[in-house]
Amino acid sequence: MTPGIRARDIDALCHRHCAFVLYRLPGEEVQFCMAKDGRTLPQPGGRGFLISTFEGDTCFIPDECRATPAPEAFPLLPEDSDGETATTREEYGRHFRRFSALLRGEKPVLQKIVLARTADVAAPGVSPAHSFKHACELFPNTFTVLLHTPELGTWLFSTPELLVEGSDSSWSTMALAGTRPLSSAPWDRKNTREQGIVADFIREVLQRHADEPEESPTESLSNGRIEHLCTRFRFTMEASKLPALLQDLPPTPAVCGVPLEQARALLRDTPDIHRRCYAGYLGPMSPGAARLYVALRGMRIFPDFCRLYAGGGIMPDSDEEAEWQETEQKMQNARNTICTAN
């Protein structure tokens, strides 16, 4: 940890009625963000940290404390396991087959939909602070976040996917999709088509909000033992237009589907899981500037277990067992970060 940020205080705050975030941007130092009274705001105001769930609910943590306060200043939360259970293989298969039927036939309803699932890992004595520190060490090139609010619980993410970053009139984003173990072989058709769908969506959104977007050649981007296809976009946009962009950009097809509204409605009406923070977005903001990432490669931390989250894009030619194994590979990053206080 850094000066003024003590691991034992971070762990204690995760059980208190307050909101805070500990984060590390790629290549930068660890930052702590919290309002003096532990409150959140419903919308951004001043300098702080924005959290938006997959369902679109937002909260903003004002940046007023750079060091951890005394945890005893905040009341304890009652213990809560949230009443959910992890996704079984049978449940995943049932959802996969239903979604696949909507992707096929003469008049398919969907081009792509992202099926997500969870897995529970027993972790008696888990330390959110030490798990965060270990994630920073394992994944130095990702945006690593430990957040806690009484409403959302405690979450840890180490995500490679930028949603949007910039300041004044200079901004950037990326299309990130397709997943496989690290390899030097050419990418297959399923993954390249999936990434192309995301890139097309981002191009269309930027045409409505930005001036003269430029894009880089598509490249492989590694994240632990897996890699993705990535196309980077740079564009000019007045900072005042950021709220409008955030109305149209997330969730991208990388975490939802195509057509977007049909996929979104299907996930809402017959949810694969209660995603909450997973596949939403989050990051530091200040007037005229933001660095926001998609909340991926993460888990929710409970007192004695961790709930891991992962998803994959289902395409007409997707194979059920291959997609299940892809979520296993993605979950391994989060599983590797779990640490106790000892």
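1. Phe143 is buried, with a relative accessible area of 0% (buried means under 20% relative accessible area, exposed over 50%, and partly exposed in between, with a 1.4 Å probe and protein chains only). A word on the source: this is a predicted model, where local features need pLDDT of at least 70 and side-chain atom pairs count only at pLDDT 80 or more, while totals for chains, interfaces and linings use all residues. Residues are numbered from 1 along each chain as its sequence is written, and side-chain values use heavy atoms, with hydrogens and water left out.

2. On to the rings. A search of the whole structure turns up 11 aromatic pairs. For a pair, the ring centres of Phe, Tyr or Trp (its six-membered ring) must lie within 6.5 Å; planes under 30 degrees apart are called stacked, over 60 edge-to-face, and the rest tilted. Take Phe20 and Phe32: their ring centres are 5.8 Å apart and their planes sit at 25°, so this pair is stacked. Phe20 belongs to strand S1 (residues 20–24) and Phe32 to strand S2 (residues 30–33), so to speak of the chain, the pair links distant parts of it, 12 residues apart. Strands here are DSSP runs (E, at least two residues) and helices are too (H or I, at least four), numbered from the N terminus. Phe20 counts as buried at 0% relative accessibility, and Phe32 is buried as well, at 2%.

3. Phe143 comes back with a partner, Phe49. The two rings have centres 6.4 Å apart and planes at 25°, which makes this pair stacked. Phe49 is in strand S3 (residues 48–52) and Phe143 in strand S6 (residues 143–149), so the pair ties together parts that are 94 residues apart in sequence. Phe49 has 0% relative accessibility and counts as buried. Both rings also belong to one aromatic cluster, made of Tyr23, Phe49, Phe143 and Tyr293.

4. Next, a helix contact. Helix H2 (residues 89–103) packs on helix H7 (residues 320–337) at about 125°, with the axes 11 Å apart. Axes are lines fitted to C-alpha atoms, for helices over the stretch in contact, and angles run from 0 to 180 degrees between N-to-C directions. That angle makes H2 oblique to H7 (under 35 degrees is roughly parallel, over 145 roughly antiparallel, 65 to 115 roughly perpendicular, and the rest oblique). H2 brings Arg89, Tyr92, Gly93, Phe96 and Arg97 to the contact, and H7 brings Glu320, Glu321, Glu323 and Trp324, where contact means heavy atoms within 4.5 Å.

5. Now the backbone. Most residues other than glycine have a negative phi, and most peptide bonds are trans. The bond from Pro250 to Pro251 is cis, with omega near -10°, and Pro251 falls in the loop between helix H5 (242–248) and strand S13 (257–258). A cis bond also joins Val258 and Pro259, with omega about -5°; Pro259 is in the loop between S13 and helix H6 (260–269).

6. Finally, positive phi. Ala279 has phi near 70°; this alanine sits in the loop between H6 and strand S14 (281–286) and counts as buried at 5% relative accessibility. Arg297, not a glycine, has a positive phi of about 50°. Arg297 lies in the loop between strand S15 (289–294) and strand S16 (298–301), and at 9% relative accessibility this arginine counts as buried.
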